[in-house]
Amino acid sequence: MRVPFFARAAVLALPLLSISLPAFADIKIGVGVPLSGRLAAVGTQLRRGADQAVADINAKGGVLGQKLVVDAVDDGGEPTQSVAAANRLVTDRVAMVMGHMTTGTTMPAAQVYADEGVIVITPSSTSPELTAQGWDTLFRTCGRDDQQGQVIGAYLADHYKGGKIAIVDDQTTYGKGLADAVRATLKARGVPVALNGTLTAGEKDFSSMVTRLKSADVDAVFYGGLYPEAGLLVRQSRTAGLKAAFLAGDTLASDEFWTTAGAMGEGVMMAYNADVRQSPAAKEALDSFRKNGGEPNIFSLYSYAAVQVWAQAAAKAGSTDPKKVAAVLHSGQEFMTAVGPVSYDAKGDRKQNDYVIYAWHNGAYAPLAK
């Protein structure tokens, strides 16, 4: 039987009424940092950087026409919690993760991301061991301990070669790794270490170590560890009358160090990347931060850059597929970020290295004059 035209048209139209075009879903950007516990001050700054980067990228149209949203999880600054945080972010189907803060938390979490094929870009985990694992999905916007260890060791060798140098670490992956890098540099320069010692992260009374440092009459102390213990060690040492110079790694680029050490932190030195806040590359990001909460901590710029790097790579890949994005990141091309140009070697380490020595003065730090 022949169906009348108007009837056929009605039949053909019916399926169309039940079809709706799929809407673009938001792209989730995972953030795994300590938002509670003793490292929360820096963790909060790292999240602030990711939040601002997402806001700025969305204001320019997002990534591949899709809006980014932040999915933040508190890892407490603890390795076991970082694994739980990583599993949560993987379950949430994030496109990438900005995190984690320390090597001790990034290492176990990165294994989860590698197993699940999720890209992770850490803004502050500096151990060479991370990128030695061979994970194609791991990158960082910061430098490495062996790089800053060379700068610190060279400074000690140049200024304290004839004196007594002590090296103390907190036995964490970060602290011991950095201390070992400083020792290696001093050894290569023919400079002996007069005293080696260890502390335990989380402790608050370092009187026995202070006594050892005073008894050895050291001229300079390098501390490999995080800012809470560094502030306490400096404060207790100065209170006890120890006049030795203090140096540490990039973890001291936190206002919380000065909050803990107070005026006794005057003159304490640290290694960190060249101050990107003075670079034209950071101007746009800094303007955004200042309009939304004031001056950022320098850590915020490195987490901001982590999101920028991923967003640019995804745009160039034309996809958020981790394999395609990772291939772009490994291609050697430069990505323009708030911390300057970023490009990666085969391991996922930055090719750029610009560590310098800073000193704390009156509650702020600035590069030492060359």
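This report walks through a predicted model, from its domains to its cores, its salt bridges and a few backbone details.

## The overall layout

An unreviewed UniProt entry places the feature "domain: Leucine-binding protein" at residues 27-363. In the model, this span is 44% helix and 18% strand, and its end C-alpha atoms lie 39 Å apart.

The domain assignment divides the protein into domain 1 (27-143 + 278-343) and domain 2 (146-254). Taken over C-alpha atoms, the centres of domain 1 and domain 2 are separated by 30 Å. Where the two domains meet, the contact takes 16 residues from domain 1 and 15 residues from domain 2.

## The nonpolar cores

Now look inside. The largest nonpolar core holds 99 residues, and Leu-156 and Trp-310 touch the most other members of it. Helix α12 (residues 298-317) gives the most to this core, with 13 residues. Both domains take part: the core draws at least three residues from each of domain 1 (27-143 + 278-343) and domain 2 (146-254).

Which residues does Trp-310 touch, not counting residues up to four places away in sequence? Its partners include Ile-27 and Ile-29, together with Val-63, Leu-68, Ala-95 and Met-96. Ile-119, Ile-121, Thr-320 and Val-325 are also among them. Apart from this core lies another one, of 17 residues, among them Val-73, Val-94, Tyr-113 and Leu-138.

## Salt bridges

The count of salt bridges in the model comes to 15. Three of them are set out here.

| Salt bridge | N to O distance |
|---|---|
| Arg-38 and Glu-229 | 2.8 Å |
| Arg-140 and Asp-349 | 2.8 Å |
| Asp-275 and Arg-277 | 3.1 Å |

Take the Arg-38 and Glu-229 pair, whose side chains meet in a salt bridge. Arg-38 lies in the loop between β1 (27-33) and α2 (40-59) while Glu-229 lies in helix α9 (residues 227-239), so the pair ties together parts that are 191 residues apart in sequence. The two partners sit in contrasting surroundings. Arg-38 is partly exposed, with a relative accessible area of 36%, whereas Glu-229 is buried, with a relative accessible area of 2%.

The side chains of Arg-140 and Asp-349 also meet in a salt bridge. This pair links distant parts of the chain, with Arg-140 in strand β5 (residues 138-140) and Asp-349 in the loop between β12 and β13, 209 residues apart. Are these two residues buried or exposed? Both Arg-140 and Asp-349 are buried. They also belong to a network of salt bridges that links Arg-140, Arg-144, Asp-146 and Asp-349.

As for Asp-275, which forms a salt bridge with Arg-277, its relative accessibility is 15%; the cut-off for buried is under 20%, so Asp-275 counts as buried.

## A closer look at Gln-352

Gln-352 has its place in the loop between β12 (340-342) and β13 (355-361). A polar atom of its side chain lies 3.3 Å from the backbone oxygen of Pro-341. The side chain of Gln-352 also makes a polar contact with the side chain of Arg-350, again at 3.3 Å. Leaving aside neighbours within four places in sequence, Gln-352 is in contact with Glu-334, Pro-341, Val-342 and Ser-343.

Most residues other than glycine have a negative phi, and most peptide bonds are trans.

The peptide bond from Gly-99 to His-100 is cis, with omega near -10°. His-100 lies in the loop between β3 (96-99) and α4 (103-116).

Leu-64 has a positive phi, near 55°. This residue lies in the loop between α2 and β2 (68-74), and Leu-64 is partly exposed, with a relative accessible area of 36%.

Arg-93 also has a positive phi, near 60°. Its place is in the loop between α3 (79-91) and β3, and Arg-93 counts as exposed at 71% relative accessibility.

How values were computed:
Residues numbered from 1 in each chain as written. Predicted model: local features only at pLDDT ≥ 70, side-chain atom pairs only at ≥ 80, totals over all residues. Heavy atoms only, no water. UniProt positions renumbered as here; feature names shortened; annotations may be inferred. Helix = DSSP H or I, 4+ residues; strand = E, 2+ residues; numbered from the N terminus. Polar contact = N/O pair within 3.5 Å; in protein donor to acceptor, adjacent residues only side chain to side chain. Contact = heavy atoms within 4.5 Å. Core = buried A, V, L, I, M, F, W, Y, C linked by side-chain atoms within 4.5 Å. Buried < 20%, exposed > 50% of the residue type's maximum accessible area, 1.4 Å probe, protein only. Domains from an automatic or database assignment. Salt bridge = Lys/Arg side-chain N within 4 Å of Asp/Glu carboxyl O.
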